[in-house]
Amino acid sequence: MMKFYGTMVCKDCVAAREELNAAGVLFDYADISTDTANLKEFLQLRDTRKEFDDVKKSGAIGIPCFVKDDGSVVIGTEKLLKDVTK
């Protein structure tokens with residue numbers, strides 16, 4: 001099952017949850033602002049994956065972030081929704 005890293009204080013994460021739920025996409029939600037284990041997991045991912053290079057350069061956080069079943073990482077919802085709602 002796809003893992004979704006985000007926080008409910010981020011409007012983009014809230015919108016992503018709503019869109020994924022409306023599309024019937026199953027995911028394991030990991031709130032990085034309410035659980036330190038989730039935050040540590042996300043930071044490890046962010047610090048080690050090349051997909052976050054541009055995010056870090058721009059000073060952004062990199063959420064919503066999705067780790068798909070195949071291990072690939074998608075940041076943001078636009079590309080993800082195209083993939084999962086085909």
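Tutor: C13 is buried, with a relative accessible area of 0%; buried means under 20% relative accessible area, exposed over 50% and partly exposed in between, with a 1.4 Å probe and protein chains only. C10 counts as buried too, at 15% relative accessibility. This is a predicted model, in which local features need pLDDT of at least 70 and side-chain atom pairs count only at pLDDT 80 or more, while totals for chains, interfaces and linings use all residues. Residues are numbered from 1 along each chain as its sequence is written, and side-chain values use heavy atoms, with hydrogens and water left out.

A disulfide is a pair of cysteine sulfur atoms within 2.5 Å. The sulfur of C13 has its closest cysteine sulfur in C10, 3.4 Å away, which is too far for a bond. By this rule the count is zero disulfides.

Now the strand. Helices (H or I, at least four residues) and strands (E, at least two) are DSSP runs, numbered from the N terminus. In β1, residues 2–6, five of the five residues are buried. In a regular strand the side chains alternate between the two faces of the sheet. Both faces of β1 are covered: M2, F4 and G6 are buried on one side, K3 and Y5 on the other.

Two strands pair if DSSP finds at least two bridges between them. β1 pairs with β2 (residues 27–31) in the parallel sense, over five bridges, and G6 stands opposite D31 in β2. With β3 (residues 65–67), β1 pairs in the antiparallel sense over three bridges; here K3 stands opposite V67.
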